[in-house]
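Biologist: I am new to this structure, so please take me through it slowly and tell me how each term is decided.

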Amino acid sequence: FFFKQKTAYEILSGLVGSEMCIRDSYKMEKKDSTHGNKVTITAKKDAQFYVFIAKQALNNFEEIELHAMGAAMPLCITASETLAKFGYATLKNTQIDQVEVQGYDKMIKKPKMIIFMKRASNFKELMDKANAIKKENESAFNLILSLIHISEPTRPERISYAVFCLKKK
């Protein structure tokens, strides 16, 4: 078991003290985020999710492209920096353009970023090592659910509840 405090979330007070189990959904959602060697990054997920997705793409392609628009651009940068920091890929090029998208009542211009990355020469070795550690952890704990407990309020405001997660993986 390990214990981790997550960021505070705005929740209803009726959920305080409640518990729920959730599954890790990375594998189920990866198809929605990749199109060949292109990884589409949105602001709906965190950077670590896109690092996971990018590593899956790098497993199949020598070079990948991380695409992001608007508010998702910082996630794109963080994901690419994480891939480079841990040696999975190297940065080849970055491109920033403007694209027109449909707004509520008119077309608007948004910035679009594409980060081009190349798989590292030792990528397969790094993935084998990571997969061996993952398999070792899974065999030690044999369960893939997370137990989430929503604690008592830390402040009187509505957004003041901390979420704690006990994982048995």
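Biologist: Leaving aside its neighbours within four places in sequence, which residues is Leu-66 in contact with?

Modeller: This is a predicted model, in which local features need pLDDT of at least 70, side-chain atom pairs count only at pLDDT 80 or more, and totals for chains, interfaces and linings use all residues. Residues are numbered from 1 along each chain as its sequence is written, and side-chain values use heavy atoms, with hydrogens and water left out. Contact means heavy atoms within 4.5 Å, and by that rule the partners of Leu-66 include Val-39, Ile-41, Cys-76, Leu-83 and Met-117.

Biologist: What makes Phe-49 count as buried or exposed?

Modeller: Buried means under 20% relative accessible area, exposed over 50%, and partly exposed in between, with a 1.4 Å probe and protein chains only. Phe-49 has a relative accessible area of 1%, so Phe-49 is buried, and Tyr-50, at 2%, is therefore buried as well.

Biologist: Why is the pair of Phe-49 and Tyr-50 called edge-to-face?

Modeller: Rings of Phe, Tyr and Trp (its six-membered ring) pair if their centres lie within 6.5 Å, and planes under 30 degrees apart count as stacked, over 60 as edge-to-face and the rest as tilted. Phe-49 and Tyr-50 are 5.0 Å centre to centre with 85° between the planes, which is edge-to-face.

Biologist: How do you know that the charged end of Lys-45 sits over the ring of Phe-49?

Modeller: The rule asks for NZ of Lys or CZ of Arg within 6 Å of the ring centre and within 35 degrees of the ring normal; the charged end of Lys-45 is 5.4 Å from the centre of the Phe-49 ring and is counted as sitting over it.
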